[in-house]
Each structure stands twice: as C-alpha cells, then as structure tokens.
Amino acid sequence: MGKALYRKYRPASLSEIIGQEHITGTLERALKQGMISHAYLLTGPRGVGKTSIARILAYEVNGLPYDDEGTHLDIIEIDAASNRRIDEIRELKERVFIAPTSAKYKVYIIDEVHMLTKEAFNALLKTLEEPPEHAIFILATTEAHKVPATIISRTQRFTFKPVDTAQVAAHLKEIAKKEKMTIDDEALDLIAAHGEGSFRDSISLLDQVRHHSDRVTLAAVQQAVGQAPDALLTNLLTALGQGDIQKSNEALEKLRTQGVQAGQLAHQLSQLLRHQLVENQSSLPPETTLQLLAQLLQVPAASDPGVALELALYGAALERSDGSHQPSEAQSPTTAAATTAPQPMARSEKKTSSSSIKTNTTDKPTDKKQAFDESVWPEVLAAMKGKHNTLYGIARMAKPTFEKDKLLLSFGFAFHKKRLDANKQVLMDIIYEATGSNIEVECVLEIELGQADNMVKPEIKPAADLNLETISNIFGGAEIVE
C-alpha cells in the first residue's frame, strides 16, 4: 500500500514548515538559546502544521533526529477527542513524575485539547501548575475559545494562520514535480483554494486527482470537488440578469446533471457575485445583488437547500423582469404616473380617510372599508416584498379575482395553492394594513375557477403570468416554509 502524499511530504524540521514563519522562527531561536517552556499551546485552523510542529518540537527539545515512522517511549501523543475522561488525565498526572526512559524530557502532546471534560481540565491544571522538570506539555487545538483561561495562562501560546493560497499552490507544484505528475496551473490553484489554507486538505485532494488521467486539468479538479464550471455559472448569472426564467432553469438543470450540490453552487455564486459587485460588473442591480447574496448565505443550512436555491435565483430573475415596468429616465414622474396603471391611495391618505370615520380612538377602521380591487393588489404585493419574500414570490404567480370582502387567488399548480393556503393569515393581515379592510382569501386551482360564475376577473394580467409553466416546473412538489 502506497503512503498518502500528505504523510510522505510531512515536514521533518521547523525550517520545512511553510506559512508559519512567525512561529518557527521564534521556536528556533528559543531552542538555540535553551529557553524551553514546560507547556506550549498551538492554536489555529486544521491542516496548517500544528501537529507537525508539536512532533518536531518534541524531538528537537530532546536533541533526537525526527522519525515520523517510529515512536519514542518518552514522546506520548494523546487524542483528547477519544480520551476525554478524567481517568486518562489522572493516569497522566500520576505517570508524569516517572523519569524519561532515555530522552532528556518526557513530552506529552495532547491533540484537540478543547475536547477534554471539565473534570479532566481541572486535573490537567494541577499538573501544569507544578510540573516536574523533565516534563513538557504541547497542547494543540482548533478551538482555543473552548480551552479554559486557567490552562491558557500557564502555556506559551502560538497562533497559526491559514496558509496563503499562492504558497499552497507553489508547494503543491513542487510535490507534483517530485511525483512526476502533469497538472495544469489552474488545477493547482483550484486545489489550493479549495483547501482554504489547509496544507493537509490540499495535498489530500492532489492525491485524489493524481490518477484521474495522464494530465490533470481544471475540469478534472472541478468534477472531483463538485464545483460548477465557470462557463455554466456565467450562463446562469447572465440569464438572471436578463430576467429570463427559462434560460435560468436550463442553466441550473445542466449544473444539476453534473452533480453540483446546491450548497456548493450557492457558495460559488456568492463569491462571483461579490466580485462582480465590487468591480461594478454585475448584470443585476446592486440592491438585487445584495438581496440575492443574503439569500444564498442561507442555502446550505436550509431544510431543502435545492428549493432554497431555486427560490433565491428565480426571485432575482423575476425581480429583474420587473425592471421593464419601471419608468425610463426620459420619463418625468408626472408622465410616468399618467401612463401606468391606476395607483392605490397613498398611506398618508388612507390614514386620514380611516381616521375620519372612526367613532372613537379605540375603533378599528373596519366600519367603512375602502374599495378592494385590482388597483390595490400591486401595493399588497409590494408590502409582502422584503418581509415575506417566499410568500411574495408565490402570490405574484396567482391570478387575483375580486369581489366584495373576498379575494380569490387561482393557481395553475397545486403546490403554489398549498403554500399560500398555509400562509393566508399573513396575506390577510397585509391586506388589512394596506386598506383597512378585512378581506377573506380563498385559494383555488385554475381548473376549479370555472365553478365560480359569480366572480368577475380583472382585465389586468400580473407579471407572474409570464413563464408560469416554467416557474411551476422549477418548484415541482417541494415544500417551502415561510
């Protein structure tokens, strides 16, 4: 069985550690001066060299040649994740006073020390307070905030940092050369970026793709990590910028067939959108981009990441398609108002009208109701937007029909009807806030609408009618929780 690359190329001396010069330099000077502490705390993200430095330091303080393959009786490694109980630490506390077998110091390396129990920490603290001269403790953790302050104060603390992507890529290139691998620079850059500053993760990924083909390409690495190709991402964002639901759906389907997971896609889109926003290259308006970024951040943690991603993307596309209804720069506000559909009464006017019909200050403005018709519907949708984005996206797909004290919303697909049915009270509250009217909301399927002969449909067609079939295919039968 061949040795894994991350083990084969594990550093054997402090000088071979890359990206942590602020730590290795200090330790090298301390070793030369004989200034050795009885306890060290190494903190930082995974895969950046904490365990490697701990092992190298254990050999260096004893003046021994580093041996990654063998074990030394006086260098004891403890995995706190699997040795959390008080019994193990009590045993350590008793054995620590036994003199080293052959080395100058007995070194205890405790990895992931934050995993110790409270009782175990207390026992360890007693040992750190009065350690024997021959004992050295090297504690390592990825979560320093979980280590008690009393422990930290009795150690020399060294904080590791994520390794720069360029340094990781350069190191990977050297390993690839030694392994006689043919790999594109773009592929190395992606491996380094995917490792997020972790040498171990990056080298492990290099090991994974090394046998993919005679030449490792960017596409091969993208496939290995489940990342979307740049061309498809660009196509998707272009379609969103055009407000084209159908093209957006086609781009997303291609990404699905390539095995790109919703969480990964949301992460990639977030990175690309942030770059476009900073560089002023986004095809979406800044406010739409910011709203989409906020929604993409929630995708990985959603109960159904796929549906959450679809809602975010197609909401942005619909938002963009609405831009065609905005007044052009050449239109004056007066002209725009004259050429658009009838506008609902302003909120200030509503308050005046409502207050004039109250009999006392405690009465609700329900004794006399304003007219509730198609002219109010755009304002109701606007009130939903921002506060209830999911409900807004579904409601705008409905065909509204108005009668006295009742709003009938017809949908082409049962999924939309079901979701709005579950949130009718939210919609009724919004209508009341906008009009002062208590309106009953009923949701039906379009095939049922023929039974409602006494209903009169408005002549206007909501923007949601556009590509309704495509939008419905997008949401399928998934569940959306408002």
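Leaving aside residues up to four places away in sequence, Gly 44 touches Lys 50, Thr 141, Thr 142 and Phe 160, where contact means heavy atoms within 4.5 Å. This is a predicted model, in which local features need pLDDT of at least 70, side-chain atom pairs count only at pLDDT 80 or more, and totals for chains, interfaces and linings use all residues. Residues are numbered from 1 along each chain as its sequence is written, and side-chain values use heavy atoms, with hydrogens and water left out.

You will find Gly 44 in the loop between strand E1 (39–43) and helix H3 (50–61); helices (H or I, at least four residues) and strands (E, at least two) are DSSP runs, numbered from the N terminus. Gly 44 is buried, with a relative accessible area of 12%; buried means under 20%, exposed over 50% and partly exposed in between, with a 1.4 Å probe and protein chains only. The C-alpha atoms of Gly 44 and Glu 143 are separated by 7.4 Å, although these residues are 99 apart along the chain.

Now let's turn to helix H7. In H7, the buried residues are Val 168, Ala 169, His 171, Leu 172, Ile 175 and Ala 176. They cover an arc of only 165° around the axis, which puts them on the same side of H7; the arc is that of the directions from the helix axis to the C-beta atoms. These buried residues pack against helix H1 (5–8), strand E6 (182–183), helix H8 (185–194) and helix H9 (199–209). On the face turned away from the buried side sit the exposed residues Ala 166, Lys 177 and Lys 178. Just after H7, Lys 180 adopts a positive phi of about 55°.
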